[in-house]
Amino acid sequence: MDALVIRNPELLADALRGLSQSPKRMEPKWFYDAEGSALFERITELPEYYPTRTETAILTAGADRLAAHVPEGAELVELGSGASVKTRLLLDRLTGLSAYVPVDISASFLKETARALARDYPDLPIHPVVADFTKPLRLADEGHPRVGFFPGSTLGNLDPEGARALMRGVRDWPGIRGFIVGIDLIKDEDTLVRAYDDAAGVTAAFNLNLLHRMNREIGADFDPDRFAHRAIWNAEKARIEMHLESLEDQEVQIGPRRIRFRAGETIHTENSHKFSATSFAERAAEAGWRLADFLTDARRQFGVALLEPA
């Protein structure tokens, strides 16, 4: 294997580890290269994908209520900021912020977002950070309060221990005063599955882009046409699972190895855990938080939780 085709050694290591397991799996953080981030923004606009528009409505109606919990001079730190669309609903109310810190794994996407925000909020210091928020984020003690922001139900993509670890990590930030978290609520199976398997196939393209990315960055030779997107509701674990199913027996080159796939075998690419207000409050308490406020829509499809240190 020509070493020059290995553009992303970390992705290669994760792919070799995850695709050697049984069942096979990949971490969802690898969805978010520039193409994956753009596809996700398209997903948020789909008619079946209720979380974004529902959370946006909650934040629009409740921004002043949330702002009351943000101290004057606070730094707002957003994990997995993406295009920071929903963040603007808070920035328009939080006129006394000392800075906004968007954190995202996609450097190119983050650069574009920070540039747009700097143009629209010229008096607000913008300090973008390229980082994997599933790993500890070390912030300097600058003597001002901090509030975390984690919208989009992304916390639900982590396994229970990963979610607790992230919340514990935020709890340990210097100056932390609050954590605003979006969570998707448990509802009927049909609504949940359609949100992750839309009629236009955008979510399928988002899932399959992971194979294209491995081809581009680690010299893999996946044929995406030989895999299919699957979205499954796991009621026992209260989560939607996304998989890529091999449509036939095949072998794929991953770095130095050939990895076999049986027909019907899947790569488990993402979980999206769903909560009730009670189950989320219990998980937050395990990480040192208390539920100070909880905002939801009239149909109770989605929730925005305001956590404060316990």
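D33 counts as buried, because its relative accessibility is 9% (buried means under 20% relative accessible area, exposed over 50%, partly exposed in between, with a 1.4 Å probe and protein chains only). This is a predicted model, where local features need pLDDT of at least 70, side-chain atom pairs count only at pLDDT 80 or more, and totals for chains, interfaces and linings use all residues. Residues are numbered from 1 along each chain as its sequence is written, and side-chain values use heavy atoms, with hydrogens and water left out.

**Around D33**
- You will find D33 in the loop between β1 (24-25) and α2 (34-43); helices (H or I, at least four residues) and strands (E, at least two) are DSSP runs, numbered from the N terminus.
- Its side chain reaches the backbone nitrogen of G36 at 2.7 Å.
- Not counting residues up to four places away in sequence, D33 touches S106, N209, R213, R216 and E217 (contact means heavy atoms within 4.5 Å).

**Around P102**
- P102 sits in strand β3 (residues 99-104) and counts as buried at 0% relative accessibility.
- Beyond its neighbours within four places in sequence, P102 has contacts that include E78, L110, H127 and V129.

**The sheet**
- Four strands form an open sheet with mixed pairing, in the order β1-β11-β8-β7; two strands pair if DSSP finds at least two bridges between them.
- β1 and β7 (227-234) stand at the edges with a single partner strand each, so one side of each has no neighbour in the sheet.
- β7 and β8 (residues 239-246) run antiparallel and are joined by 8 bridges, and W233 has I240 in β8 as its bridge partner.

Notes: A polar contact is a pair of N or O atoms within 3.5 Å; within protein, one must be able to donate a hydrogen and the other to accept it, and residues adjacent in sequence count only if both atoms are side-chain atoms.
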